Amino acid sequence: MAPDDTTAPRSVYLDYAATTPTDQRVVDAMLPYFTERYGNPNSLYALGRDASRALEAARESMAASINTDSPNELIFTGGGTESDNAALIGLTAAADGKRRHIVVSAFEHHAVLHPAEWLAKHGFELTVVKPREDGIIRPEDLSAVLRDDTALVSVMHGNNEIGTLQPIAELAATAHARGALFHTDAAQTLGKVDFDVRALGVDAATFSAHKIYGPKGIGALYLKRGTRFAPQMLGGGQEFKKRSGTQNVPGAAGFAEALRIMDEERPTEGPRLAALRDRIIDGVLALENTQLNGDRERRLPHIANLIVKGCEGEAMLLRLDALGISVSTGSACSSGSLEPSHVLLSIGCAPEIAHGSLRVTVGRFTTDEDVDYFLESLPPIAATLRQMSPVYAKMFGNSA
Amino acid sequence: MYTDLVMQHFQNPHNVGVLEDADGTGEVGNPVCGDVMKITIKVDDDRVSDIAFQTLGCGAAIATSSIVTDMARGMTLEEAVAISKMDVAEALGGLPAAKMHCSVLATDGLKAAVDDYLVKHGREPISGGLAHDDPDFDPHAVEPETGETCEVEA
C-alpha cells in the first residue's frame, strides 16, 4: 500500500537499466586493490607485477565468459560511452581509405549516434537503418543500405530503452558479406543473456560494468584479433597500445567479479527477472489505454517499456518518486529536449503517445513486493493525471 | 532540478478543474509537444473572480498552471495578461531553462482565456497575441531585457 503522510516512503528502485548498485561481493573483490595491492600494473617490481596479474586474471575471466579467441582481444576502457566512441572512431579511422560509409541503427545509444554524426561531419557518409515497429532490425533492411564502400555497421545487441534483442549474428553476417566491420553495443545485455563473440561473429563489442552490479567508470571493448583500430587514447601504450592510461585495476577486478556472478546466477536469475518484468507488463496493460513498446518475446529479461496514454511521462515519474519509486521515461520533458525519445520515435511511436512512456526495469534486488507496490501505486497516479488532462477524454473517449 | 515550490505546486496543484459557465476559456499547447493547458475564468467587474486549470504535461507545466491561476485570481484583466513567463518562473523560485516554455504555456493559456471573454463580450482582445502563435517563438529563450536565465542550481 502507498504510505500515508506520516510514514517515510519506502524505496523501490525500478531503474536497473540506468545503473545498478554495486554488489557487496564485487566491492569485496575490489577493496584490496585500493589499499594493499595498489601497484601500477606497468611497474616491474613485485607490487606492480601483483597488480598486473590481477588485471590479467580479470581480463582472462571476462574473455572466457564472452568466448574470445584470446584474452588480449578485450581492452579495458573508462566505460560504455568510451568503448562506443572508440569503436566508431577507431575502426573507421583505421579503415581502408576507400571505405567512407558507415551504418548505424536509429535507436542506438547517443554514445554511438553522436560519434556517428561527428564522423558524418568529417568525411564519412552516414546511413541510419530503422527498426520495424516491433523494435527489431531486419537483416534485409540492413542489407538494403549496405554499399561496397561501407566501412562499419553498428547495431546494439539489446536496446536500452525498449529492451528488444537484435539478431546480431545475422546482422553481422550481412555486414561481413559486403566487407564491412560490425560493432555491437552490448552494455545492456552483457551478463543478462548469453553473449558469445564467436557465435555472434562481431568484430567489436561494447561492455559496461555498472549495468551488471559492477563499479561505474570502467568498461571494456572487445576487438577481434587482427581488426585494424586507431586508438584515441595515446600515451604509455597500455592495453596493447589500444588504450593508453594506467589501468583501473580495482575496477577491472570488480568488473570481472560482477560478470562472474552474472554468469553463475543467470540460469535462475534470468527467469526470475523475466517473471517480474512480465508481471509489470501485464499489470500496466490491465489499465485501459496503455501499450507495450517493442516485441513481447524478443526482449531482455529486465526491461519493460510502456505507454500510459493521456499521462505525461515526467509527471508520472515525479508522482511515483514521491512514493519512493524510481523509474525512467522517454518523455521529452525529462530530458530537457522538446523531442521525446528517439528510440520510441524510431519504432513509429507518435510523439503525443511517446510523451506518456515509462521504462520500468528490474534487477537483482527487486522483489515481488516491489512490483506489487509499483502496480498499486501507478493506477491512482494515472487516474489523477488523466482527470487533470484537458484532452484525455477527448482523445480517448472515456473517463480516467 | 526543480525548486521545492515547483514540487509543492506539482504534487498539490491549486485550482484544478473546469469552471462551470466560465466567462472565458483558453486552451493552448499541443499533445504532440506533450503539453496542453486549459484555463477557465469567471470575470466580475473586469477582474478575474474565479479561475481553474486543466493541464496535460510535465511537472513544470502543472506547477506553472497552478501558480499562474493563484497569481491571476483577483487581478484586473489588464494585470492578468501582463503576467510574464519570468513572473511565473520567479514566483516558483526559478525554473530550469529547458522548462521555461512551460511558463509561457501558462501565461498564454491565461491570455487566451481573457481574450475569449473579451471577444465574447464584443470587445477587443488585449493580450497582443500568444507567444506560441509566433513562428519565431523559441521556447528556451529567456527574457531579453533581463539577460539572465531563470535556471535554478542543478
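## Lining of the largest cavity

In this predicted model, the lining of the largest cavity is made up, by class, of 6 nonpolar, 3 polar and 2 charged residues. The volume of this cavity is about 80 Å³. The structure holds 3 cavities of 30 Å³ or more.

Residues from chain A and chain B take part in the lining of the largest cavity. From chain A come Lys309(A), Gly310(A), Cys311(A), Glu352(A), Ile353(A), His355(A), Met395(A) and Phe396(A). From chain B come Pro31(B), Gly34(B) and Leu56(B). The elements giving two or more residues to this lining are α13 (351–354) and α15 (392–396) of chain A.

## The second largest cavity

The second largest cavity holds about 60 Å³ of space. Its lining consists of Gly191(A), Lys192(A), Met262(A), Glu265(A), Arg266(A), Glu269(A), Gly270(A), Leu273(A) and Pro301(A). Sorted by class, the lining of the second largest cavity has 4 charged, 3 nonpolar and 2 polar residues.

## Nonpolar cores

The largest nonpolar core has 71 residues. Those that touch the most other members are Ile280(A), Val327(A), Phe374(A), Leu378(A), Ile39(B) and Ile41(B). Helix α5 (residues 100–120) of chain B supplies the largest share of this core, 10 residues.

Leu378(A) has contacts beyond its neighbours within four places in sequence. Its partners there are Val284(A), Leu287(A), Val308(A), Met316(A), Leu320(A) and Leu358(A). Another core, of 53 residues, lies apart from the largest one. Among the residues of this other core are Leu74(A), Val155(A), Ala209(A) and Ala252(A).

## Helix α3 of chain A

Helix α3 of chain A covers residues 46–66, 21 residues in total. From its first C-alpha to its last the helix reaches 30 Å, close to the 30 Å expected at 1.5 Å a residue. After α3(A) comes Asn67(A), with a positive phi near 65°.

The buried residues of α3(A) include glycine and alanine positions, namely Gly48(A), Ala51(A), Ala54(A), Ala58(A) and Ala63(A).

Conventions:
Residues numbered from 1 in each chain as written. Chains lettered and ligands numbered in written order. Predicted model: local features only at pLDDT ≥ 70, side-chain atom pairs only at ≥ 80, totals over all residues. Heavy atoms only, no water. Helix = DSSP H or I, 4+ residues; strand = E, 2+ residues; numbered from the N terminus. Expected span 1.5 Å × (residues − 1). Buried < 20%, exposed > 50% of the residue type's maximum accessible area, 1.4 Å probe, protein only. 1 Å grid on protein atoms, 1.4 Å probe; cavity = no way out; pocket = protein on both sides within 12 Å on 5 of 7 lines; lining within 4 Å. Points joined across faces, edges and corners; volume = space filled by probe spheres on them. Nonpolar A, V, L, I, M, F, W, Y, C, P; charged D, E, K, R; others polar. Core = buried A, V, L, I, M, F, W, Y, C linked by side-chain atoms within 4.5 Å. Contact = heavy atoms within 4.5 Å.
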